[in-house]
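Me: Can you walk me through this model? Keep it quick.

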Amino acid sequence: SNARIIIITTYEIGTVSGLPTPLSHNERVVGGEEATPHRWKWQVSLQISPVWDPDGFAHLCGGTIVSPYWVMTAAHCIIGKMYRVALGEHDLYEDEGTENYVDVNYIYLHPYWNPTDLTLGNDIALLHLADPVSEDSNIEIATLPTPGDTLPSGHPCYITGWGLIQAGGNAAIRLQEALLPVVDHATCSRDEWWGSGVNQRMICAGGDGSKAGCHGDSGGPLNCEGTDGSWVVQGIVSFGPGTCNIYQKPTVFTRVSAYLDWINEVRPGWSLVNDGDGSLTERRELGG
């Protein structure tokens, strides 16, 4: 059921001694514009059942569909136990008839994720869905990069999400997008940029002081143009400055191409088995 959709806006991102804290569970795109509905078909809204409203769900973070049973998000988005994902979503407040809500039944955090030190990276989690994703004209599985893939400075990428449209401002009700060109690691790791707060398993994008991810965008995709004109999800929204859009403090993403080995380790632990009624159900392999 759709239940009531609310948007959590109580968490802040900020900087601690010049170091980042997460683009927290409410990030929104700053300086962007409303996306064409269902342009980014692999984008999901990760929603949590809040303690004060156990019958409702609240938008918490973004996420990316990476296979029929798996959604990829940021590890720092995992703050509770009851989650669902909204697929085919555009307007969080309107039932548009394109949505599909699926419960999350298993969560895998990267083993080296450390919530007290974002600068180590590893801000990635995989969510196993109770029911498989059915692709349609509004829902699609994302294309992931090839192992070790890196992007040059200026490469065109879009951040998408339902995050705040300005720090301390309102959350987006409809999905937003903003063009954030890549900033290469050599530049982003300069002292006047993020310095030692970033490593090579991250992607920096933006930093022009006007467009950025913000609270509520976390966990969502960095959609980058591929060689054939298609879109490749190269990043997962991880962190940024507390006020979101600061010159030379670009939004920082987990670099998906650095974590493909881990993604592929987690997913094959599941196998498709025939239920006898012709349908396929994914189950965890035990032993072996």
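**Rings, charges and buried sites**

Reply: The charged end of Lys249 sits over the ring of Trp194, 5.7 Å from the ring centre. That label needs NZ of Lys or CZ of Arg within 6 Å of the ring centre and within 35 degrees of the ring normal. This is a predicted model: local features need pLDDT of at least 70, side-chain atom pairs count only at pLDDT 80 or more, and totals for chains, interfaces and linings use all residues. Residues are numbered from 1 along each chain as its sequence is written, and side-chain values use heavy atoms, with hydrogens and water left out.

Me: Which ring does Arg39 lie over?

Reply: Tyr158, face on, with 5.2 Å to the ring centre.

Me: How many aromatic pairs are there?

Reply: The whole structure has 6 aromatic pairs. Pairing takes rings of Phe, Tyr and Trp (its six-membered ring) with centres within 6.5 Å; planes under 30 degrees apart are stacked, over 60 edge-to-face, the rest tilted. Trp40 and Trp42 have ring centres 6.1 Å apart and planes at 80°, so they are edge-to-face.

Me: Is Trp40 buried or exposed?

Reply: Trp40 is buried, at 3% relative accessible area. Trp42 is buried too, at 6%. Buried is under 20% relative accessible area, exposed over 50%, partly exposed in between (1.4 Å probe, protein chains only).

Me: What about Tyr158 and Trp231?

Reply: Their ring centres are 5.7 Å apart with planes at 80°, so this pair is edge-to-face. Tyr158 is in strand E11 (residues 157-161) and Trp231 in strand E16 (residues 231-240), so the pair ties together parts 73 residues apart in sequence. Both residues are buried. Trp40, Trp42, Tyr158 and Trp231 form one aromatic cluster.

Me: New topic. How many helices and strands in the chain?

Reply: It has 2 helices and 19 strands. These are DSSP runs numbered from the N terminus: helices (H or I) of at least four residues, strands (E) of at least two. Of the 288 residues, 57% are buried.

Me: Where is His128, and what does its side chain touch?

Reply: His128 is in strand E10 (residues 125-129). Its side chain makes a polar contact with the side chain of Asn105, at 2.8 Å. A polar contact is a pair of N or O atoms within 3.5 Å; within protein, one must be able to donate a hydrogen and the other to accept it, and residues adjacent in sequence count only if both atoms are side-chain atoms. His128 is buried, at 1% relative accessible area.
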